[in-house]
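Open the model in your viewer and keep the selection panel at hand.

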Amino acid sequence: MRDLLTEVRVPSHLVVPLLSGISSPSWCEPVVFGLAAHACTGDRQLLLVKRIMPLPPHEYVPDPGHGAKWKGSAMIPILNDAMAQNLGVVIFHAHDHSGPVGLSDDDLRSARDLLPRFQNLLPGRAHASVVIGRDSAAGIVLGPSSDAYLSRLKVRLLGKTLRDLDNELLSEPILRDEEIYNRQGLLTGTRGERAIRAACIAVVGLSGGGSHVVQQLAHMGVGHIVGIDSDRCDASNRSRLIGMTSLDAFLRRRKTKVMARMVSRINRHVRFTGIAEPIPMKTAIDALKTADIVVGCVDSYHARDDIQGLAWRYLIPYVDIGLLIRPISEGKEVMIGGQVITAIPGKFCQWCFGFLSDERLASETGGRPRSYFKGTDKQAQVVSMNGVLASQAVSEVLQILTGFAPVDEEPSIKKYDGLSGTLTEMIIKPNPTCQYCTSVLGAGDLIWSKA
Amino acid sequence: MTEQERAIELATLKEVYGEVERANGAGGRQLFRIGKAALPAGCKPSHTAVLLIPQPGRPQIYVRPGITLPNGRTPRSTTPVAVEGENWLQFSYSFPWDENRHSLMQFIEASLRRFGKDE
């Protein structure tokens, strides 16, 4: 049986400090320390980097026998911060070449010396030593309260495109279903197709928007789709729920069942897991934690807040779509608007620019606690307009997975105008004081200890 | 609440409920988890885990989802929520509370009485 995989996730605002820190011109291999929370998902352990701390040049000690040697005292402020914030310690350095990388014998000796010391100070956290190459990474991890080292490791650098540094991905066998995807592959390339086939995408809400998204992800050949929706089909869903039949409405089938059937008919190699529970329930939270990207197709701010919270906590990119149609009434003109918000952890969240706010949440409960939330009023929905937003959401997923288009890293969202049929990019001003990004980003699982 | 007052509160909670755990949440807030607190007679299950978040004014309290009332129904005005990535049930119940006069144990016991009401 193989080791548990450890995935080190670096939010986008820490990617440059990390990479520049380990590649700074220096007479030795520069080292950068990361402070990290952690989380356990079904198949992997996540190390969620919250802070990057480079070692100042004067702290290194010349030693021709080692790639890097530093003064013991240099560790004191780092360990003090780690203990104050109850975070694990990750030592990063670089081996600047393409192809698989690995820790040298000297790196391993150093890691086996330092990681148990970190564990003595912070037994409830995971600690690691990681080497980063140009397109791969390797390392060893000492898990919480464990004396066994884990050596299956990948590093995920978050940005508008995910950059997975993974020795195993480099040695993946030839792709399955190449014939189906050869036209798509002309845009995405072999590496992009591998990323699509390896990806797990969670889709929350499987009605007008979400069913389009699931259908397109299945056609695209995404490895695993997790569909989350507790509702059953009714007759009114037939106007917009892709893949639904009259019998599904008659039998009140779960929407997850309809999606599972649709996906298996499109491509039996695409795995679909249906979760017939709403997001705050444990099975739904556990399923969402396994996702590489989450697409939210929900119609309330409370539901968005739940997804945003989980996505940020576990450093998962979150693509949100929403459509609002105000039909002509009381002399007011028709208005059709919507949005596609691609929130990359470390860039901006829905709280940063006021899309989520206490006022908006309170408007759904009449200013009372969440337990008074009764759901949103029924609003107009039109399949074609749901489809426009869903298609854009899937393109955003494709961009995150494959980086098919050269994009700048400027934070932006897309606004939809259904009357003109246009999607317009709007630049978002980052909010460095966003409390949500400061406190929740990369928080991981709670660490409980006896009081 | 001073550190000393909190320590006394914590000792009382441990004495009454046995297992009490602590965690640091986002933004440094402290969370306490009580493994097993008794629900009013007739509720199913008969006991629940409790999440308590002390804060100025009134503490926040949550229980595990899935409780049914003595009349067999699901309690009204309750909703499952994600608190720090964990699934809990939020509920509303009004009763007089003064943090200077009442203990956390009293707060928990008074809050859980909500599940004795058949609504």
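How many salt bridges are counted between chain B and chain A? The count is 1, a salt bridge being a side-chain nitrogen of Lys or Arg within 4 Å of a carboxyl oxygen of Asp or Glu. This is a predicted model, in which local features need pLDDT of at least 70 and side-chain atom pairs count only at pLDDT 80 or more, while totals for chains, interfaces and linings use all residues. Residues are numbered from 1 along each chain as its sequence is written, chains are lettered from A in the order in which they are written, and side-chain values use heavy atoms, without hydrogens and water.

Select A:Arg313 and B:Glu84: their side chains form a salt bridge at 2.4 Å, N to O.

Next, show the whole interface. Here 28 residues of chain B are in contact (heavy atoms within 4.5 Å) with 19 residues of chain A. The two chains bury about 2,000 Å² between them, 60% of it on carbon and sulfur atoms; buried area is the accessible area (1.4 Å probe) lost on putting two parts together, summed over both.

Now select A:Trp312. Among the residues it touches, not counting those up to four places away in sequence, are A:Pro345, A:Phe348, A:Tyr436 and A:Leu441.

A:Trp312 is also one of the residues that touch the most other members of the largest nonpolar core, which has 87 residues. Such a core is a set of buried Ala, Val, Leu, Ile, Met, Phe, Trp, Tyr and Cys residues joined through side-chain atoms within 4.5 Å, buried meaning under 20% relative accessible area (1.4 Å probe, protein chains only). Domain 1 (5–171) and domain 2 (183–440) of chain A, with bounds from an automatic or database domain assignment, both give residues to this core, so it lies between them.

Terms used
Buried means under 20% relative accessible area, exposed over 50%, partly exposed in between (1.4 Å probe, protein chains only).
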